[in-house]
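Please open the model in your viewer and keep the sequence panel beside it. The stops below are meant to be selected one after another.

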Amino acid sequence: MTKLFKIDKKGKLKHHQCVSSTLTGGAHSGGNHSDMDLFIIQKDGGTSIRRLTPVEWERLQAFPDNWTNGVSNTQRYKCLGNAVTTNVITCIIDRLYDGY
């Protein structure tokens, strides 16, 4: 099982976070991703600190792998950062229909 822990801009671990917060893709750095969020990733084999790949962002947003393929990584991060998770929309629509 893989666990993700987000690190804030000051390098501090965000505690008590059971789901990923807003993904930020480095828009304030001119597209060089230097201010992108870092995550602590714990897997069976150990722990690493790194930025998430576009495919990992797609998975967090419930999109298929390589859904944003075909444009630069900068554009992929922008697309995924501006997207609304499809599972959230499905849940909202289901709740709206349940009310009728």
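The tour goes from the whole chain to the sheet, then to the core and the charged pairs.

**Before selecting anything**

This is a predicted model, in which local features need pLDDT of at least 70 and side-chain atom pairs count only at pLDDT 80 or more, while totals for chains, interfaces and linings use all residues. Residues are numbered from 1 along each chain as its sequence is written, and side-chain values use heavy atoms, with hydrogens and water left out.

**The whole chain**

Show the protein chain as a cartoon and follow the pattern β-β-β-α-α-α along the sequence, made up of three strands and three helices; both kinds of element are DSSP runs numbered from the N terminus, with helices being H or I of at least four residues and strands E of at least two. Of the 100 residues, 24% count as buried, where buried means under 20% relative accessible area, exposed over 50% and partly exposed in between, using a 1.4 Å probe and protein chains only. Among contacts with a separation of 6 or more, 40% are between residues 24 or more positions apart, a contact being heavy atoms within 4.5 Å.

Select the three strands next: they form an open sheet in the order 1-2-3 with antiparallel pairing, where two strands pair if DSSP finds at least two bridges between them. Strand 1 (3–7) and strand 3 (46–50) are the edge strands, each pairing on one side only.

Between strand 1 and strand 2 there are five bridges in the antiparallel sense, and one place to look is Leu4, whose bridge partner in strand 2 is Ile41. Strand 2 and strand 3 are likewise antiparallel and joined by five bridges, and they form a hairpin with two residues between them.

**The nonpolar core**

Now show the side chains of Phe39, Ile41, Leu52, Trp57, Phe63, Tyr77 and Leu80, the seven residues of the largest nonpolar core. Such a core is a set of buried Ala, Val, Leu, Ile, Met, Phe, Trp, Tyr and Cys residues joined through side-chain atoms within 4.5 Å. Strand 2 (38–43) and helix 2 each supply at least two residues of this core. Centre the view on Phe63 and, leaving aside its neighbours within four places in sequence, look for its contacts with Glu58, Leu80, Ala83, Val84 and Thr86.

**The charged pairs**

How many salt bridges does a search of the whole structure find? The search finds three, a salt bridge being a side-chain nitrogen of Lys or Arg within 4 Å of a carboxyl oxygen of Asp or Glu.

Start with Glu58 and Arg76, whose closest N and O atoms are 3.2 Å apart. This pair links distant parts of the chain, with Glu58 in helix 1 (residues 54–60) and Arg76 in helix 2 (residues 73–82), 18 residues apart. Glu58 is buried at a relative accessible area of 0%, and Arg76 is buried at 6%.

Return to Arg50, whose side chain meets that of Glu56 in a salt bridge (2.6 Å, N to O); Arg50 counts as partly exposed, at 29% relative accessibility. Finish with Asp65 and Arg59, where the closest N and O atoms are 2.7 Å apart. Here Asp65 counts as partly exposed at 40% relative accessibility, whereas Arg59 counts as exposed at 52%.
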